[in-house]
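Welcome, and please open your viewer. We will go from stop to stop, and at each one you will hear what to select and what is there.

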Amino acid sequence: MTTPAVQHAVDAAFREEWGRIVATLIRRTGDWDLAEECAQEAFAEALRRWPADGIPQRPGAWLTTVAGHRAIDWLRRGARGAELLEQAGREVLPPPGADEEAMAELSGQSGAIEDDRLRLIFTCCHPALPLEGRVALTLRSLAGLSTAEIAHAFLVPEATMAKRLTRTKAKIAAAGIPYRVPPAHLLPERTAGVLAVLYLMFNEGHSASSGTELIRASLCEEAIRLGRALHQLMPDEPEVRGVLALMLLHHSRRHARVGGDGQLITLEEQDRSRWDAAEIQEGLALLESALRQRQAGPYQLQAAIAACHARAATAADTDWPQIAGLYALLERQMPSPVVRLNRAVAVAMAGDIEAALALVDELSGDPRLARYYLLEATRADLLRRRGDQAAAAAAYQRALPLAPSQAERRYLLSRLQETSTGDGRDDTLP
Amino acid sequence: MKYVVFIGSEGLPVPEALEVMQRELPAWIEEMDGRGVRLLGRELDLPETAVTVRVRDGETLVTDGPFAETKEFVAGLDIFECADLDEAIEAAAKSPVARYHPMEIRPFAAGLRLGEAASEFAREDDSAGTPYLLTMWMGGTPAAPLDDEAVMREGEAWRRDLEARDLQVLGGALRGPDTATTIRVRDGQTLISDGPVIKTTDFIAGIDVVRCADRQQAIELAAAHPIARHHAIEVRPFYSE
């Protein structure tokens, strides 16, 4: 019988130890499926044995030992033998703690184990793997989400996700992708690749739509958890702290950014008392320590922008000149029309509408923004604020057919009406 | 692990690119041959020189031009022996060719034996016959039901027969297109992506290099391969001065 205490201990161990166990087993056996399978069996075994034997002092060590022995059994007997073993009732399993070597490895200096998790994350995020596969495999092997859970989070059928995972693992083996932390000369770009996967995972959860909100929101938590683990493993890397700070600062607004009807609430209109103060504090502290290293990369800059919002007690207190400056720095590192457009908005909010309009005009011919409704919507808002109602109305007209959802169309239509009838002169930007 | 590296192209390189590649290639070849990473490599003749061979109802059908009707074609290949994919990526990215052409890195499915004929081919000593690349295309809907193992067995017998006649230079089945990685180098940055250079529903399943008296003989050899009955084989000469 599983008691609540045992269930709790197993759940906690699962969150803490899954990635470690899988990572170590992959290193020892070179077989990803076997590693997952045996890790799963070790947790099942814990549920069976801990109620009678008691919860071991070091659950992670116990689980790794059991999983390791399962792997050895599988390898020794082959698949058929293992099936027989299953029927025979697993009596060959070693008592907990029998594997002294594994215990020693796991107990004190956990260096080798931490390295295994790093090996695992760098391998999952290898740039030769399909991007969707990188995200899925990281969630499966490192975070321990089931195939069904990942499929649900990405709104695809479970069979599709299973295929994606299989294909990704198959490529690692067949193409000879090494299971390792990349050497120093590759580390910066490969680290950027890992951070991109984490941030993609986070955004996938952050942009969750209502019905599936809960499940997808867990992606944010997984991404943050993995970010924390990565920060522990690479404590000197400022961009790792940057991405963790960025995720925490965005996450801190989660309760304020969705209204009762599931509508997104703009930053300006959010009830700031509902922001998570602890996450803001943690994010700000991480960001400050990262910036002290004076190697501000794109994630630190984005986190710094989020920090400007986090520090403002009210929307009116926002330090827009600072944000505009940060966007200019970000644009230098990450030249993108969307960054420039955001910069234009910040410049306008800081008070210089003419400069903002000039930036928007520069973007007019950019084919990458040709179908991006926010270009025309931003231009329209700037023109409206300048008092140029007719030009603003024309820009709202152009934005309207490009708006991706009903909510945005409603907003644009109401603005269009105001500008066509000549009201709304003194409004601020949305 | 052994990998084939396909060099993708969309046409003749511009003179400036050609000049850079001609100037810098010898040093790259020397370095990679010296490290034992590059086993050999040759440039192919232009795609217009290719024919595609199919056998249907016992009859050999030859059409002009390469198999894939895509803008991109394979312009040449190298064979690498590397510890892992990262080493192959690094070696390919160091080549001046990578600045102008996408390079696809694909593992061989089984051990690839390289004998004396391959050494001669690598040295561009074509005195024993003109080298042709036979590209085995698969995928889509096979013309005849396909039994992989039977095709493999028949393909092996085909290869042994060619070896006995001293027509075989090298060859082997490749891992599937899902295992392909394509790299490009832009502004000193190596861009790595999943998948082959030529993106069609069909895929290159294997390559063989044969040396022949003339194109007709190369076509006959291709027609004798089981894949010609099921799908298609592209036959193209390597470039020689």
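Is A:G19 buried or exposed? Select it: A:G19 counts as buried because it has 22 C-beta neighbours inside 10 Å. (A residue is buried if 20 or more other C-beta atoms lie within 10 Å of its own, exposed if 12 or fewer, and partly exposed in between, with C-beta atoms placed from the backbone.)

Before moving on, note that this is a predicted model, where local features need pLDDT of at least 70, side-chain atom pairs count only at pLDDT 80 or more, and totals for chains, interfaces and linings use all residues. Residues are numbered from 1 along each chain as its sequence is written, while chains are lettered from A and ligands numbered from 1 in the order in which they are written.

**Around A:G19**

Now colour helix α1 (residues 4-29) of chain A, where A:G19 is found. Helices (H or I, at least four residues) and strands (E, at least two) are DSSP runs, numbered from the N terminus. Leaving out residues up to four places away in sequence, A:G19 touches A:R117, A:L120, A:L142, A:A143 and A:G144; contact here means C-beta atoms, placed from the backbone, within 7 Å.

**Two domains of chain A**

Select 4-108 as domain 1 and 116-354 as domain 2 of chain A; such bounds come from an automatic or database domain assignment. Their contact takes 12 residues from domain 1 and 10 residues from domain 2 of chain A. On the domain 1 side, α1 and α2 (32-53) of chain A each supply at least two residues, and α1(A) gives the most, with 9 residues. That side divides into 6 nonpolar, 2 polar and 4 charged residues. (Ala, Val, Leu, Ile, Met, Phe, Trp, Tyr, Cys and Pro count as nonpolar, Asp, Glu, Lys and Arg as charged, and the others, Gly among them, as polar.)

**A helix pair**

Next, show α11 (238-251) and α13 (298-311) of chain A, whose axes come within 8 Å and cross at roughly 35°. Axes are lines fitted to C-alpha atoms, for helices over the stretch in contact, and angles run from 0 to 180 degrees between N-to-C directions. Residues making this contact include A:G242 and A:L246 of α11(A) and A:A303 and A:A307 of α13(A). By class, the contact has 10 nonpolar, 4 polar and 1 charged residues.

**Across to chain B**

The contact between the chains takes 12 residues from chain A and 11 residues from chain B. The chain A side has 9 nonpolar, 1 polar and 2 charged residues.

**Sheet and hairpin in chain B**

Which strands form the open sheet in chain B? Follow the order β2-β5-β1-β6-β9-β10, with antiparallel pairing; strands pair if DSSP finds at least two bridges between them. β2 (38-43) and β10 (189-194) of chain B are the edge strands, each pairing on one side only. Strand β9 (181-186) of chain B pairs with β10(B) over 6 bridges, and B:V185 stands opposite B:T190.

For the last stop, pick β3 (51-56) and β4 (59-64) of chain B, antiparallel strands joined by 6 bridges. B:V55 stands opposite B:T60. Their hairpin has 2 residues between the strands, and B:D57 takes a positive phi near 50° there. β3(B) is also joined by 3 bridges to antiparallel β12 (232-237) of chain B, where B:E234 is the bridge partner of B:T52.

Key. Two residues are in contact if their C-beta atoms, placed from the backbone, lie within 7 Å.
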